[in-house]
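Work through the exercises below with the sequence and the model at hand. Each task is followed by a stepwise solution.

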Amino acid sequence: MNRQIISEPGAPTVSERESKRQAFQLRCIGCGNMGGTPTKNLRCADCADLLEVIYPGWKHSAGMQSASALKALWKQRRTSLVPLDESGVWRFREVLPNLANENDAITLREGNTPLYSMPQCAGKAGVETLFAKHQGMNPTGSFKDTGMTMAASIALQEGFRWVACASTGNTSASMAAYASRGGMRGLVLIPEGQISWSKLSQALDYGAVTCQLKTDFDGCVKVLNQVVLEMPVYLLNSVNPYRLEGQKTAAIELLEQLNWESPDHVIVPGGNLANSSALGKAFLEMKDLGFISSLPKVSIIQAEGANPLVRTVRENAGQKLISVRAETMATAIRIGSPASWKKAVRVLEATGGTVEQVSEAEIALAKAEIGAEGIGCEPASAVTLAGLKKLVKQGFVKPHETVILILTGHLLKDPDFTLKFHRGDLFPEKDAAILAQQRAPLVLEPSPKAVIEVLEKIGN
Ligand code: F0G
């Protein structure tokens, strides 16, 4: 496998690229080092901590327009037919890493996802105003696409032939698609038997080399970290700081949809903790640049069986990660040792958010309630509603406050879970709230009479 430099005819030279790239830098979140060459694992060469993208002096740069001018420009791009403008990520390119050659941008027209009002779920949770920002409405069905368009484009710009990730399913589906669109090869490591068939089928169909390892997600990460040291493969896991830059745009777009009025609370599922970190970074940057005057509180919800952040915050005051052996039916967030935990703790502190954990039954119930609203999502996304119910009961979220749930994956990502729930196979015990949400398919004789009887029995 050779590292092959892909360049467009007429593309800028390396020195032209370097000068254009001055607009952003990588900084270590641990020792603060800037500008050093990262390790192949995309960590700080000095202290091995994670890196983040910063934009030194962007407020003062000649290219940076005022917040009101950018708000108008971003809105105007929604009617443009230019591919980069049609993307709900690249539409915001003034606050993202700039590509030296815009032809390197690999886009499936990600982002631009809907913000839905959720009146029924609001009632269940005990708040007046509840919205869902549905990141499952992205091209491959999850929020991963917003980060992948950015980081895969950087890989292409850097001249990589191969990109790789370890995944609980959604990253692999997204990476496989973007790698192929960019003419690169994709290598996927997934835990055998622990991801949904729907996500696995995506990685296969989009053309990735897909390896099922007999371990869990955390084990896959360890293996991949070794592979990238030895092979010319670009790491597209969420330690990749460019992934977070793309994922930031969901928060920017959300603010735009709310007419640049910050909500009181944003509630995010927590797995490897990159998404909560990215959204928090966006809110902080938007405040810093004068787009908004107040910050939403960003709170992170985990499954009880995969709760390393909850334990780290409660037992260690966020100082030192407590890893766990993760177990949950919400397989997307079955992660025991989250890479971005420090970034997430920083977001909790900076925005005044909190952490909460929810049971398997609470997740399943919340998922069916989101489904009954005509919206639907995958199990990992439903932790947000389940967590909100608890935060309202605790008084952390007040009934009159505006709350946004970040739904991270589409309903069709995990059909097995959904079918088992509605058929009554997921939980043997007869919990009344769960029974009330179960909508098992009815098997009938092929006659109008049989169907009409059903309608008459149900009534209004
Ligand atoms: N929701 C869904 C649907 C996910 O797929 C993930 C993560 C998360 C929430 C958690 O986001 O990791 O940024 O805290 N999925 C990764 C994957 C790990 O490999 O697809 P996070």
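The model is predicted: local features need pLDDT of at least 70, side-chain atom pairs count only at pLDDT 80 or more, and totals for chains, interfaces and linings use all residues. Residues are numbered from 1 along each chain as its sequence is written.

**Exercise 1. Describe the shell around the ligand by class and by origin.**

Step 1. By class, the shell has six nonpolar, 15 polar and two charged residues. Here Ala, Val, Leu, Ile, Met, Phe, Trp, Tyr, Cys and Pro count as nonpolar, Asp, Glu, Lys and Arg as charged, and the others, Gly among them, as polar.

Step 2. Ser-167, Gly-271, Asn-272, Thr-408 and Gly-409 come nearest of the 23 residues around the ligand; a residue is near if its C-beta atom, placed from the backbone, lies within 6 Å.

Step 3. Helix 6 (170–181), helix 10 and helix 14 (379–393) each supply at least two shell residues. Helix 10 gives the most, with three residues. Helices are DSSP runs (H or I, at least four residues) and strands likewise (E, at least two), numbered from the N terminus.

**Exercise 2. Characterise the packing of helix 11 and helix 12.**

Step 1. The axes of helix 11 (residues 308–316) and helix 12 (residues 341–351) come within 11 Å and cross at roughly 60°. Helix 11 is therefore oblique to helix 12 (under 35 degrees is roughly parallel, over 145 roughly antiparallel, 65 to 115 roughly perpendicular, the rest oblique).

Step 2. Pro-308, Leu-309, Thr-312 and Val-313 in helix 11 meet Trp-341, Ala-344, Val-345 and Leu-348 in helix 12, where contact requires C-beta atoms, placed from the backbone, within 7 Å. This contact has seven nonpolar, one polar and no charged residues.

Step 3. Eight of the eleven residues of helix 12 are buried. The buried residues pack against helix 10 (274–288), strand 10 (297–303), helix 11 and strand 11 (355–358).

**Exercise 3. Which burial class does Leu-42 fall in, and which does Trp-260?**

Step 1. Apply the cut-offs: buried means 20 or more other C-beta atoms within 10 Å of the residue's own, exposed 12 or fewer, and partly exposed in between, with C-beta atoms placed from the backbone.

Step 2. Leu-42, in the loop between strand 1 (25–28) and strand 2 (51–54), counts as buried because it has 22 C-beta neighbours inside 10 Å. Its phi is positive, about 60°, although Leu-42 is not a glycine.

Step 3. Trp-260 lies in the loop between helix 9 (241–257) and strand 9 (265–269). With 15 C-beta neighbours inside 10 Å, Trp-260 counts as partly exposed.

Methods
Axes fitted to C-alpha atoms, helices over the stretch in contact; angles between N-to-C directions. Contact = placed C-beta atoms within 7 Å.
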